[in-house]
Amino acid sequence: MTLVERVASLLVWTIAVAAVVFLMAPLVITVAVSFGNSAVFTLPPPGWSWRWFAQLSATRGLAASLATSLEIAALSTAAALVLGTLCAIALVRGAFRGREAIATFLVSPLMLPGLVLGIAMLQGYRAFGLRDTWTSLLIAHVVITMPYVVRTVYAALGLFDFTLVEAARTLGCSYAQALRRVLVPALAPAFLTSGMFAFLASMDNYPISIFFTDAWTKTLPIQMLQLVEERPDPMIAAISACLIVLAVLAMIVGDRLVGLRRLAEF
């Protein structure tokens, strides 16, 4: 290895380590503050305690908002997986004009600012007379989670050999059985990857959810914002630490079921 190559390698590793530290530092600080016994955000904390985690169960409205977020995230992810997979299959297998434009339109919620998307959906709901908060929130989360499914499954279908489905049919399988036995297992990593991202995106969404919540129906991020305004103490860091653990658990499950290497391919 020449001197130039060594310097370049050192520079690449330095930038990579700096990027990892930059991205991980807020998470480490949040977790450290959540275990502190100070009533204010102090780093390093004067002592260590489970105090703020113990207060979570006694906080008014937190359990209800968590249940709402879990319900909305689970249902919107399930709906996005079904609708997004059907759209991806139509884009890959269909022969019609404007496929690229439709594909771009389906992933456009990822490109638009949440504020713009929320105002547009709010005006659309009013035009159609939709007033129910829970239903409005669910539809909004389906819209923002579908792009993850469409983009991931569309990429996976581009690598899938559909002649395998025809081969399964020649061996006696019906069309539905061929899809279930051949296509679904091949797309399982894409389903898992897109489902994880969709679920976490729904759980963490704030800029759109704020337009469709009221005093009785609040998602966890909206409830956290209210808690910050009422009592800015490290209990918010404890909630954030729990969400970090949720994301880590999702990655562990994905690694056990599929493997992180295969997940990264999509």
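Biologist: Which residues line the largest pocket?
Modeller: In this predicted model, the largest pocket is lined by Leu27, Leu200, Ala201, Met203, Asp204, Asn205, Leu243, Ile244, Leu246 and Ala247.

Biologist: And which elements give two or more residues to that lining?
Modeller: Two or more lining residues come from each of helix 8 and helix 10, the latter running over 235-257.

Biologist: How many of its lining residues are nonpolar, polar or charged?
Modeller: By class, the lining of the largest pocket holds 8 nonpolar residues, together with 1 polar and 1 charged, and the space in this pocket comes to about 290 Å³.

Biologist: What about the second largest pocket, which residues lie nearest its centre?
Modeller: Of the 15 residues that line the second largest pocket, those nearest its centre are Arg60, Gly61, Lys218, Gln223 and Gln226, and about 210 Å³ of space lies within this pocket.

Biologist: Which helix gives the most to that lining?
Modeller: Helix 9 does, with 4 residues, while helix 3 and helix 9 (220-230) each supply at least two; by class, the lining of the second largest pocket has 7 polar, 4 nonpolar and 4 charged residues.

Biologist: Switching to the inside, which residues touch the most other members of the largest nonpolar core?
Modeller: That core has 32 residues, and Met121, Val153, Leu157, Ile208 and Phe212 are the ones that touch the most other members. Two or more core residues come from each of helix 3 (62-93), helix 4 (99-106), helix 5 (114-128), helix 6 (133-158), helix 7 (163-170) and helix 8 (175-204), with helix 6 giving the most, at 11 residues.

Biologist: Take Ile208, then; what does it touch?
Modeller: Leaving aside residues up to four places away in sequence, Ile208 touches Gly114, Leu117, Gly118, Met121, Ala140 and Ile144.

Biologist: Zooming out, how many helices and strands does the chain have?
Modeller: The protein chain has 11 helices and 0 strands, and its C-alpha trace spans about 70 × 70 × 35 Å along the principal axes.

Terms used
Residues are numbered from 1 along each chain as its sequence is written. This is a predicted model: local features need pLDDT of at least 70, side-chain atom pairs count only at pLDDT 80 or more; totals for chains, interfaces and linings use all residues. Side-chain values use heavy atoms; hydrogens and water are left out. A nonpolar core is a set of buried Ala, Val, Leu, Ile, Met, Phe, Trp, Tyr and Cys residues joined through side-chain atoms within 4.5 Å. Buried means under 20% relative accessible area, exposed over 50%, partly exposed in between (1.4 Å probe, protein chains only). Contact means heavy atoms within 4.5 Å. On a 1 Å grid over the protein atoms alone, a cavity is a set of points where a 1.4 Å probe fits but cannot get out, and a pocket is an open set with protein on both sides within 12 Å along at least five of seven lines; lining residues have an atom within 4 Å of a point. Grid points are joined across faces, edges and corners, and a volume is the space filled by probe spheres set on the points. Ala, Val, Leu, Ile, Met, Phe, Trp, Tyr, Cys and Pro count as nonpolar, Asp, Glu, Lys and Arg as charged, and the others, Gly among them, as polar.
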